[in-house]
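Q: Can you walk me through how the strands and helices are arranged here? Start with the terms, please.

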Amino acid sequence: MAYETLASIYDALMDDVNYEQWASYIHAQLQKQACPGNRLLDLGCGTGSITLPLARKGYTITAVDLSAEMLAQAKAKTDALCQAGEELCIDWQQQDITALELYDAEDNFLLFDSVIATFDTFNYILEPEALQFLLQDLADHMNDNGLLIFDIQTPYKLREYLGDNIYTLHRDDVEYMWENHFDEEEQLCQMDITFFLRQENGLYQKVTESHTERVYEPELLELWLNLSGFDVLGIYQELSELPLEPDSHRAVFVARRRAMDDLSDDWQFDDLETYNFELEE
């Protein structure tokens, strides 16, 4: 996955997304489910468009992303807000979320009251075993009764809506052609995006990036969450508490990490491959 070009125009391309609404939705879920505190971990934070409004609501946030370019955009937005007099508590970290190293300055293991991962972060984890290990890792990094909120692109969207289709965007400053290919055997959707970026001299620069996302069945994710020490509180349509429909594009998971006293001795995966199976139709 590459964000060298996309980082600089990501916010403009996503201007149809109401990030404030997403932050309010997440905040409401954390309040409704009695989140035990305000220490939050944001995985795949991108340019910080959800991180920042959550920080303004009083959360102390560790925000993690693999892309240095995306983090640079996030830090620039943070600096602008702080220079305007806002006080935000955000620790930006460049890390691979499948190999998290979360320690404080004294090398103490960090614990969080909530974890979020928005806008396909888990779809970008292409190896199922890596996502299984991450869920266990998150359980270890969470306080009792901590809340995990994440979304995925649904199997329907990756297989059917994106599938093998081509989409285009035409604006004065940027045009792109978004060409998708779905690999039925591997259950992967590859997205090849060709950008034409308008330069100051009026000419266009052509840049191509490729992104790949994996299909994860909601039922299988629910099983993995249970095996990792989470109770699934709900699987919803985007920005709602409505149950998923067959043609839903996005699924939002809300799960609670069980208290340590409620975990049995055998709650962890004994053999990850045992659970790496296909659900029956």
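A: Axes are lines fitted to C-alpha atoms, for helices over the stretch in contact, and angles run from 0 to 180 degrees between N-to-C directions. Helices (H or I, at least four residues) and strands (E, at least two) are DSSP runs, numbered from the N terminus. This is a predicted model, where local features need pLDDT of at least 70, side-chain atom pairs count only at pLDDT 80 or more, and totals for chains, interfaces and linings use all residues. Residues are numbered from 1 along each chain as its sequence is written, and side-chain values use heavy atoms, with hydrogens and water left out.

Q: At what angle do helix 5 and helix 7 pack, and how far apart are their axes?
A: The angle is about 40°, and the axes are 9 Å apart.

Q: What do you call that orientation of helix 5 and helix 7?
A: Oblique. Angles under 35 degrees count as roughly parallel, over 145 as roughly antiparallel, 65 to 115 as roughly perpendicular, and the rest as oblique.

Q: Which residues make the contact?
A: Helix 5 supplies P128, L131, Q132 and L135, and helix 7 supplies L221, W224 and L225. Contact means heavy atoms within 4.5 Å.

Q: New topic. What is the strand order in the sheet of seven strands?
A: The order is 3-2-1-4-5-11-10, in an open sheet with mixed pairing. Two strands pair if DSSP finds at least two bridges between them.

Q: Which strands are at the edges?
A: Strand 3 (90-94) and strand 10 (230-237), each of which pairs on one side only. Neighbouring strands in this sheet are turned by 15° against each other on average, ignoring direction.

Q: In which sense do strand 2 and strand 3 pair?
A: Parallel, over five bridges, with strand 2 covering residues 60-65. D65 is opposite Q94 in strand 3.

Q: Where does helix 5 sit on the sheet?
A: Helix 5 (residues 128-140) touches strand 1 (39-43), strand 4 (112-117), strand 5 (142-153), strand 10 and strand 11 (250-257). Its direction makes about 145° with that of strand 5.

Q: And helix 7, which strands does it lie across?
A: Helix 7 (residues 218-227) lies across strand 5, strand 10 and strand 11, at about 155° to strand 10.

Q: What about the sheet of four strands, what is its order?
A: This open sheet runs 6-7-8-9, with antiparallel pairing. Strand 6 (166-170) and strand 9 (204-214) each have a single partner strand, so one side of each is left without a neighbour in the sheet.

Q: How many bridges join strand 7 to strand 8?
A: 10 bridges, between residues 174-183 and residues 188-198. E175 stands opposite F196 in strand 8.
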